[in-house]
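Hi,

Here is the structure I promised to pass on. Have a look at it first, and my notes follow below.

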Amino acid sequence: MSARRADCIVVGNGVIGMSIAYELARRAPGTSVLIVGPAQRAGAASVAAGAMLNCFGEVTKYTLLSPAGQAKFQLCKDALDAWPDWRAGLAEASGNGELGAGAPTGTTVLLNAKSGHLDDENFAALLSAAAKFDEPHEEIDPEDVVGLRPLAEARPLRAVHLPREGAIDAREVLAALERALAELTVGTVDDQVAGVETSGGRVTGVRLAGGEVLACDSVVLAAGAFSRSLLDVLPPGSVPPVLCGKGIAVETVRQAHPGFQHVVRTPNRSGSCGLHLVPQGDGVEYIGATNLVYSAPAYVQDVGMSEFLVQVAREQLDQRLFFSDVRRWLVGNRPVAVDGYPLIGRTSVAGLTVVAGTYRDGFHCSPEIARLVVDDLLGGASLAEALPHFTPERRPIESLTVEEAVKEFAFHGVSAAIEAGLRLPSHTDTSLFEGHYQAAARGFYDGLEHPVGLAPEIILAIMSDPDAKTLVTDYLVASHRHYGGLS
Ligand SMILES: Cc1cc2nc3c(=O)[nH]c(=O)nc-3n(C[C@H](O)[C@H](O)[C@H](O)COP(=O)(O)OP(=O)(O)OC[C@H]3O[C@@H](n4cnc5c(N)ncnc54)[C@H](O)[C@@H]3O)c2cc1C
């Protein structure tokens, strides 16, 4: 029996891999495409996502400060423009003319006093970006937000509505992509890839968990938070390792009305994507999402963060959520590169493209990423030109100095403590906590030979997960050796 082969094998059946396979098969009908990934998608980010289609809603005070941050913002902005056509095309290709029909349009971002000054700064950055880029937006009276009834102490001070930024049902999109791929005769393999096969510096295929080798000319590695071990084919230290941003969300069914009409959310906060609620039609509401970063993927929700999520949603959004039925819990692992930026591009192994590390807005960015990757695969504009910052083989991107990272870690720690209900004796203030967090972060950095400014959630991961600490520490040494050379 001859070995199975394809022109291109896409590894990973989340929204990124499926969107790329769909775009490639659609634009190059003569190209044979296989997509490999377990049908159940346990722990996949795409299945758990609230799939907010937010660009400006995601802006933080850091977004536009660095060239890499600006490039990421541009990707998100292009994706915002791309979604209407992408959705229409996918509706047609999948035969689901109703795709996205029940999805909410518009996102209202709330500024409340439950997370310290971090929210103020991120809210101001959002308004400033919306004004700078002429994005339609309107400051509204929080009293006018239908469905909002927080505790008095958590009521919003300000609110801004972004009419172009909504959400889509992630599970519906994945089902539509599956149907579209079947229509385009893209083969699917319900299995895991154990490794990328190479010969003479170029890709020759992939090895499945059971040992079978599938032959191909090119591989697109898009296995989300599960990508790390598959990147072993590249030199040690050459690629920022991918960690797992464990996210918990819950779908509820409204019993006490009216419920929300638009996506409502806070700014990004405390190393996370902010509290959000996505109305999905027929009283179903998606409430998300927690984010704690670990070295290994998680598959079940934990009591602590589940309790926290429900509590903050009830207190900050609508106390009547108390009466909602729980439909199901969702758990997924956001793919987060150690430096926080996407890994998108060709590699030093000819024929191997990596697309991972999309972190908290990969669903939103998926149409634009698919377009850019397929442009590159078909010999059009190269990824190296389109997204030079995100080339997978790179030094870690540093958008913070080490000192800024230490301070930001403390700032986020205090914000998280305030959101969790911190009350202090009146003779002290939060500077006590800031000092504690700063000392902890400095302790980590003092042990490093080649320190790099890292995001707060990565520093927290290092402090709470010994495997994450080893992984990041080893990587920074290997990266320095690979790019800088040890003195
Ligand atoms: C709770 C939560 C909420 C989120 N909310 C939003 C949001 O509102 N908006 C937004 O834009 N983004 C959001 N995100 C982020 C978004 O979901 C991710 O950025 C995006 O889904 C990543 O897609 P992916 O295909 O790279 O990874 P995944 O969806 O994780 O897919 C990877 C796939 O690879 C498969 N796989 C694993 N190992 C192998 C292997 N060895 N071989 C082959 N296949 C393998 C897995 O089964 C999985 O199906 C959220 C994420 C979470 C967890």
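Let's start with the ligand: the shell around it splits into 20 nonpolar, 13 polar and four charged residues. Here Ala, Val, Leu, Ile, Met, Phe, Trp, Tyr, Cys and Pro count as nonpolar, Asp, Glu, Lys and Arg as charged, and the others, Gly among them, as polar.

Before going on, a caution: this is a predicted model, where local features need pLDDT of at least 70, side-chain atom pairs count only at pLDDT 80 or more, and totals for chains, interfaces and linings use all residues. Residues are numbered from 1 along each chain as its sequence is written, and side-chain values use heavy atoms, with hydrogens and water left out.

In total 37 residues surround the ligand, each with a heavy atom within 4 Å of it. The closest are Asn13, Ser46, Met52, Val193 and His364.

A backbone N or O atom of tyrosine 359 sits 2.9 Å from a ligand oxygen, a polar backbone atom of glycine 362 is 3.0 Å from one, and for a backbone N or O atom of alanine 51 the distance is 3.2 Å. The protein buries 98% of the 1000 Å² that the ligand exposes when taken alone (Shrake-Rupley method, 1.4 Å probe).

Helix H7 (residues 362-377) has a kink of about 35°, centred on glutamate 368; the bend is the angle between axes fitted to the seven residues ending there and the seven starting there. Of the 16 residues in H7, 14 are buried, meaning under 20% relative accessible area (1.4 Å probe, protein chains only).

Cheers

Methods: Helices (H or I, at least four residues) and strands (E, at least two) are DSSP runs, numbered from the N terminus. Buried means under 20% relative accessible area, exposed over 50%, partly exposed in between (1.4 Å probe, protein chains only). A polar contact is a pair of N or O atoms within 3.5 Å; within protein, one must be able to donate a hydrogen and the other to accept it, and residues adjacent in sequence count only if both atoms are side-chain atoms.
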